[in-house]
Amino acid sequence: MAVSAIVELRDVDKEFTRGAEKHHALARVTMRLGEGEFVFLTGASGAGKTTLMRMVLGLDRPTRGEVFALGRSIAGLSESQRRALRREIGIIFQDHRLIASLDVFQNVELPLTFMGLSRPEREKRVFEILETVQMRDHARSPVDILSAGERQRIGVARALVHCPKLLVADEPTGNLDPVTARQLIRMLRELKGYGTTVFIATHDMGLVRDFGGRVLELVGGTLPTVEAQTKGKAYRVPTFWNGANV
Amino acid sequence: MNFRMALKHLLSRPFSTALTILGVALGLSVLGSFWMVVENLERVRSARSNRPTVESGLTVFLDSKLSAVEVDGLKNRLSADGRFQTVTVVPPDQALRSLEAQFGEALTKIFEGSELPVTLKLVFNGTSLRRDEFLTLQNQLRSIPGVLDVDDGTGLMPSDQTALPTRILSWATALLVFVFAGVALLVSHLIRLAFESLRGEIETMKVLGASAFWILRPLLAEGLLLGLCGAALAVGFVSFGVQVAIPKFSAFLLPKDVVINMLSTNSLLQLVGLALAASFVGALATWPLVARPPQVK
Ligand SMILES: Nc1ncnc2c1ncn2[C@@H]1O[C@H](COP(=O)(O)OP(=O)(O)OP(=O)(O)O)[C@@H](O)[C@H]1O
Ligand SMILES: [Mg+2]
């Protein structure tokens, strides 16, 4: 399939220096995510998943190689351009990172505020997405009274409210029970139909097995070659999922 | 960032906030009081240095084309003004004679034959005028049709008597710079505390794409609010001093005829402007913190 790359890494190395010794977190990583792809990034703890995702978001610079996101080369962007890039990406954190000084509505509203949308437009979209994650009744609640699952739903609403072309989620189910975790991933899986590229890092292989999609497995900071990525690594798509095609 | 977050921060640290406002107010009060003294000195000095001029009166030179009736009309018009005790018409030949008496015959020879203007001699009725009032009066007289010029003889006064000593002005400037820096430092310290206490949230907002300016805006507002409160308190302090404290002690501190006036509105506005500018600069010092890349793990 000939799709334009939403995310592309070319020969990316990342070294961290700890005192005198050097640690290779990523080594010669090359990968490509197309439009509307649903991709899991797996690997053991310390394999480099978070490091790779930070690179895509422009939060870290590669030691060698090139990173492209939404068609832009990260290396050439200034700090304010990187922030502008992240405004176009939906980001979900493991610990949701909601702003405690703001209520549920204001948290979800943030990406729209950054985009400069008018107040009525923001209200319309925020209530709609809160409806989708079944949190409309909590719009005016402070975030610290919510349960972990509810907070994560707010985090998802915040990441999707501005219809991003790319969704990046680092261990979004880390703090959730298996049932809530599956609900969450099912919802993200549905975005495929809207052309949004979904990139999820997780080490929960159960989830990966149940939901299928393309899987990239990091082992000690390396990915299999691009040919191997596109061949056999895909998991079975569950039958309950309608319209899934991988 | 949201303005309510900044306000919440100020209210969550009532002690630091109050202390900062008090510090700003004290600095501004010292500066304001000093400036008030300068302003009053200036007023008293100019009132005193004008006295000889006022006492010597004014000479108004009239257009020689004016008829005797028109001259008389002008004389009556000026006599009606309460500030003048007497208005006398001095014909040219009489003026020439008084010049002769003053400067001798050699000088007055120059004027002989040429047409000397009719003059009016104005004598004030004893009240002393402020310098600015005196100058305004002269300009009013000059704008009357038929008046060629007005002479008050100030050209004969030594100039160092009319200007404030430059030493006082340089002290005032030094104090101003000192207070500006102090206010900026106090405000920037509190704004930095605000940044630190909201740090986790601010860094997350950077990750989500908040621009540096968007984060800074409420911090600037917080700084300006501090400056404004400090300035208001300082105005309160100074006017309290003028209305309550000075009258209590003036009996044995100051000569009876010296009245201390409150700072002029203009100077008060300048003081508030200084406070706002300094706190703006203080708040702006957080710029590097909001502009640098997000510090998140
Ligand atoms: N700032 C850093 N300084 C030094 N070493 C780092 C830094 N960030 C990451 N590392 C190292 O890089 C390696 C990869 O870390 P990373 O966080 O990407 O792993 P991960 O796959 O996300 O693990 P987990 O599943 O536990 O989240 C680890 O060995 C980690 O210790
Ligand atoms: Mg990680």
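This is a predicted model: local features need pLDDT of at least 70, side-chain atom pairs count only at pLDDT 80 or more; totals for chains, interfaces and linings use all residues.
1. Extent of the contact. Chain B contributes 24 residues to the contact and chain A contributes 18 residues. The area buried between the two chains is about 1900 Å². Carbon and sulfur atoms give 57% of that area.

2. Main contributors on chain B. The residues of chain B that lose the most area to chain A are Glu201(B), Val207(B) and Leu208(B). Together these residues make up 31% of what the chain B side buries.

3. Helices on the chain B side. Four helices of chain B each supply at least two residues of the side that touches chain A: helix 1 (3–12), helix 8 (199–207), helix 9 (212–253) and helix 11 (287–291). Helix 8 of chain B gives the largest share, 5 residues. Two of the residues named in point 2, Glu201(B) and Val207(B), fall within the range 199–207 of helix 8.

4. Residue classes. The side of chain B that touches chain A has 14 nonpolar residues, 6 charged residues and 4 polar residues.

5. Polar pairing across the interface. Between chain B and chain A, 10 residue pairs are in polar contact, with both residues at pLDDT 80 or more. The count of salt bridges between the chains is 0.

6. Ligand 1, position. Ligand 1 lies between chains A and B. There are 15 residues around ligand 1, and those that come nearest are Arg18(A), Ser45(A), Lys49(A), Thr50(A) and Thr51(A).

7. Ligand 1, polar distances. Oxygen atoms of ligand 1 have polar atoms of chain A beside them in the following cases. For Gly48(A), a polar backbone atom is 2.9 Å from an oxygen atom of the ligand. For Ala47(A), a backbone N or O atom lies 3.3 Å from a ligand oxygen atom. His23(A) takes part through its side chain, with a polar atom 3.2 Å from an oxygen atom of ligand 1.

8. Arg119(A). This residue lies in helix 4 of chain A, which covers residues 119–132. Arg119(A) and Gly174(A) are separated by 55 residues in sequence, and their C-alpha atoms are 34 Å apart in space.

Note on methods
Residues are numbered from 1 along each chain as its sequence is written. Chains are lettered from A and ligands numbered from 1 in the order in which they are written. Side-chain values use heavy atoms; hydrogens and water are left out. Contact means heavy atoms within 4.5 Å. Buried area is the accessible area (1.4 Å probe) that two parts lose on being put together, summed over both. A salt bridge is a side-chain nitrogen of Lys or Arg within 4 Å of a carboxyl oxygen of Asp or Glu. A polar contact is a pair of N or O atoms within 3.5 Å; within protein, one must be able to donate a hydrogen and the other to accept it, and residues adjacent in sequence count only if both atoms are side-chain atoms. Ala, Val, Leu, Ile, Met, Phe, Trp, Tyr, Cys and Pro count as nonpolar, Asp, Glu, Lys and Arg as charged, and the others, Gly among them, as polar. A residue is near a molecule or strand if one of its heavy atoms lies within 4 Å of it.
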